[in-house]
Amino acid sequence: MCVGLPAKVMTMKDGMAVVDASGAKREVSAELIENLEPGDYVMVHAGIAIAKITEEDEDEAENLLEGLL
């Protein structure tokens with residue numbers, strides 16, 4: 001089973017994004033998503049931002065993950 005984690009884009013530079021996923025900051029590839037900007041929310045899998053999501057999607061995913069832990 002594969003799990004994507006929701007994250008907020010903090011900074012962008014040269015096709016890479018620094019994201020905040022529940023307080024953990026990571027650098028991920030943002031090459032798959034056009035027009036990504038700081039403040040956007042993304043789903044991250046294996047170090048790659050794979051989809052742009054809404055803030056509501058991020059909240060729902062966070063709540064589901066907390067329930068599993």
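**Contacts, core and salt bridges**

Setting aside neighbours within four places in sequence, Gly47 is in contact with Val28 and Ser29, where contact means heavy atoms within 4.5 Å. This is a predicted model, in which local features need pLDDT of at least 70, side-chain atom pairs count only at pLDDT 80 or more, and totals for chains, interfaces and linings use all residues. Residues are numbered from 1 along each chain as its sequence is written, and side-chain values use heavy atoms, with hydrogens and water left out.

Gly47 sits in the loop between strand 4 (41–45) and strand 5; strands here are DSSP runs (E, at least two residues), numbered from the N terminus. From Gly47 to Ser29 is 18 residues in sequence, but 6.4 Å in space, C-alpha to C-alpha. With 37% relative accessibility, Gly47 counts as partly exposed (buried is under 20% relative accessible area, exposed over 50%, partly exposed in between; 1.4 Å probe, protein chains only).

Val28, the other partner of Gly47, also touches Gly15, Met16, Ala17, Val19, Val44, Ile48 and Ala49, again leaving out residues up to four places away in sequence. Val28 belongs to the largest nonpolar core, a set of 11 residues that also includes Ala17, Val19, Val44 and Ala49. Such a core is made of buried Ala, Val, Leu, Ile, Met, Phe, Trp, Tyr and Cys residues joined through side-chain atoms within 4.5 Å. Strand 1 (5–13), strand 2 and strand 4 each put in at least two of the core residues. In soluble globular proteins, nonpolar side chains tend to be buried together.

Over in strand 2 (residues 16–21) is Asp20. A polar atom of the Asp20 side chain lies 2.7 Å from the backbone nitrogen of Gly23. Asp20 also touches Ala7, Lys8, Met10 and Lys25, not counting residues up to four places away in sequence. With Lys25, Asp20 forms a salt bridge, the closest N and O atoms being 3.4 Å apart; the term covers a side-chain nitrogen of Lys or Arg within 4 Å of a carboxyl oxygen of Asp or Glu. Lys25 is partly exposed, at a relative accessible area of 47%.

By this rule there are two salt bridges in the count, and Asp40 and Lys52 make one through their side chains (3.4 Å, N to O). Asp40 lies in the loop between strand 3 (24–29) and strand 4, and Lys52 in strand 5, so this pair ties together parts 12 residues apart in sequence. Asp40 is buried, with a relative accessible area of 18%, whereas Lys52 is partly exposed at 44%.

Technical notes. Helix = DSSP H or I, 4+ residues; strand = E, 2+ residues; numbered from the N terminus. Polar contact = N/O pair within 3.5 Å; in protein donor to acceptor, adjacent residues only side chain to side chain.
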